Amino acid sequence: MKIGIDLGGTNIRVGLVENGSLVRKEVVTCPSKATYEEVLGRLEGLIDRVMCPEVAGIGVGVPSVVDSEEGIVYNVANIPSWTEVPLKRLLQERFSVPVYINNDSNCFALGVKLFGEGRKYRNLVGMTIGTGVGTGIIINGELYSGQNTGAGEIGSLPYLSHDFEHYCSSGFFVRYYNLTGKEAAEKAATGDAKTMEIWSVFGSHIGELMKAALFTYDPEVIVIGGGISSAFTYYKHSMYQAMQAFPYTETVKRVKIFVTEIEDVALLGASALVGKH
């Protein structure tokens, strides 16, 4: 058995995984504005709920850059008090099992490769589209994290007047249309023409993001997750339209783009960090 953890600024998710299947999950709200000790205490309390003698190790996905050897996380997104936390040492001392830490987007990509739609592909991009844009990379069947677990973060590449994340995350709807992504999806579900046009504009930006992924990694498949992925049907068409401007037409024809249907795939990917060492 292994424990997988998805540490986010909104929620902390902890899962007990046996033979690649999630057998128990606990979720609590992350006290993101709290002190470093309070956030750590909330995380440890959640691990206590699923910990058992059969657990061989803990894998953690964190929205930050990570010194994966030392297990130190830096400047965790949406948790201001976590500027430099020796998370590996703290959890190993507390629970007496090996702990492995990586970026949360990398855990998503690893989960997709091992347990989801990426199983039969050797080169893939896992992309989470929600409050931000996160990307993980699988090359020749193996997770490529880079020196600081930040490889593949194309959402931070410059695009138009800001970066891709500015236009390709839920913040796009808030900034330009005073809607949340959820509200935009609900309105589109009623067939509202004005909202459908908003999704069309959003899809054009996502198409440019996909082109960036094709230029940098030329993957066989791109698998999308995150909160905005559930609205894929509303922006799929304009995304593919934007991709037609890619200079290598065969690349666009051959790449496959899926939305993951595996719930908690990032938790499964985090747990798989244990078996990777």
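Author: What covers the buried residues of helix α1 includes the strands β1 (2–7), β2 (11–18), β3 (21–29) and β4 (58–62), together with the helix α2 (87–95), where contact means heavy atoms within 4.5 Å. Helices (H or I, at least four residues) and strands (E, at least two) are DSSP runs, numbered from the N terminus. This is a predicted model, in which local features need pLDDT of at least 70 and side-chain atom pairs count only at pLDDT 80 or more, while totals for chains, interfaces and linings use all residues. Residues are numbered from 1 along each chain as its sequence is written, and side-chain values use heavy atoms, with hydrogens and water left out.

The buried residues of α1 are Val 39, Leu 40, Leu 43, Glu 44, Leu 46, Ile 47 and Val 50; buried means under 20% relative accessible area, exposed over 50%, and partly exposed in between, with a 1.4 Å probe and protein chains only. Seen down the axis of α1, these buried residues fall within an arc of 160°, so they line one face of the helix, the arc being that of the directions from the helix axis to the C-beta atoms.

As for length, α1 has 15 residues (residues 36–50), which at 1.5 Å a residue should span 21 Å, and its end C-alpha atoms are 22 Å apart, which agrees; the expected span is 1.5 Å times one less than the number of residues.

Strand β10 pairs with β9 (residues 124–129) in the antiparallel sense over 6 bridges, and two strands pair if DSSP finds at least two bridges between them. Between β9 and β10, which form a hairpin, there are 3 residues.
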